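This report describes selected local features of a predicted model, together with the confidence assigned to them.

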Amino acid sequence: MKTRAAVLRKGGEPWEITELDLDEPYQPLVEAFLAATGKDPDEVIGTLEQVGRDRTVYLAAVNAAMAGCLPEYFPVVLAAFDALMRERAARGGGWQSTSGPAPMIVVNGPIRHDLGFNTAGGAFGPGFRPNATVARAIGLIVRNAFGIRPHVLEQATQGLPGRWSICLAENEEESPWPPFASDAGQPAGTSAVSATLLRTCEFVDNRHTPDPEQVLWDVADTISRTGSLIFRDASAGVVFCPEHAQMLAVGGFSKPDVQAWLMEHCGRTGADLRRAGKNGLRGIARFADPDEAADATFTRILPSPRHVPIVVAGARNAAISMVVRIFGEWSGTATPVEPVPAVLEPPAAEVPS
């Protein structure tokens, strides 16, 4: 029996996605993924107008299978893709940017444990199938389904290591604050996914002080480095380790308090900016200006709490946190995950190599 299946082939251009009639056993694997969602296979779940392509649930299922996901992960893949399509940068030119930004996916709620996501140490690292394959599925959807491939529509100057590998499950159990999805309006206890695009990640290793404000100064210094300041405003999230987050909470800092402190203290003087050739402004972009009149002026760079989202992830075994440079601005939204069916039929075939 012949049936529809979207596959990759090496044809007129590298890794072009096409629809072909193939013999089974390919289709049962895709059908197992489609059985994990109540969505119609032909439902359009994302559009990039600039490349003239729509992406369907069916094509997402094909790419999730190729990424090594299990079928029960598919609702998380769909939620992550929906969360990314809420990001203005992802709908615009973000995937094609010279910065080569990486999606950062944050999973909250019971689904983290139901599916075996890593919620503790090595949050940014490998070793856990759900974290690795959900992120990889997003990368395959963007490259294969949207056609954003290197040296063609993808024009990263250097790009970001691990571009398609950042999927964090928040450590809600050791966080002193409400889950990240709650910042996006989702009720506590909801399985939901948030996402944004990152320019890069920078660690803050501060395990030598019991003073929470000294930790915040270290974070502020990392956020405020001139190399990252190319526009009037910046956007930089913080993925706090549990030890730093708990220290801040014991010191009386709520999550909004931390955001307000960083908004107040992140920035540089005019002299700092002039030395780096970034003290002038044309619209929103920084450029070199020989004028020294504003050398003593301190310029703040984080204009709102949305420009400094806060997540808690990792293990409570060392005081190391991460500043994440956001490409644009987080949308402030999270997508609930569809309930996973209690029983899913196992796929009849492995993913073709």
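## A buried loop residue

T119 is buried, with a relative accessible area of 13% (buried means under 20%, exposed over 50% and partly exposed in between, with a 1.4 Å probe and protein chains only). T119 is located in the loop that runs between α5 (111-114) and α6 (129-145); helices (H or I, at least four residues) and strands (E, at least two) are DSSP runs numbered from the N terminus.

Neighbours within four places in sequence apart, T119 makes contact (heavy atoms within 4.5 Å) with R112, H113, A169, E170, N171 and G314.

## An exposed residue with positive phi

H151 is in the loop between α6 and β6 (166-169). Although H151 is not a glycine, its phi is positive, at about 70°. H151 counts as exposed because its relative accessibility is 77%.

## Confidence and conventions

The protein has a mean pLDDT of 88, and 88% of its residues reach 70 or more; pLDDT is the predictor's confidence in each residue, from 0 to 100. The pLDDT is below 50 over residues 1-23, a stretch with 52 contacts in the model beyond near neighbours in sequence. Residues 345-353 also have pLDDT below 50, with 12 such contacts. Where pLDDT is low, the predicted coordinates should not be read in detail.

Residues are numbered from 1 along each chain as its sequence is written, and side-chain values use heavy atoms, leaving out hydrogens and water. As the model is predicted, local features need pLDDT of at least 70 and side-chain atom pairs count only at pLDDT 80 or more, whereas totals for chains, interfaces and linings use all residues.
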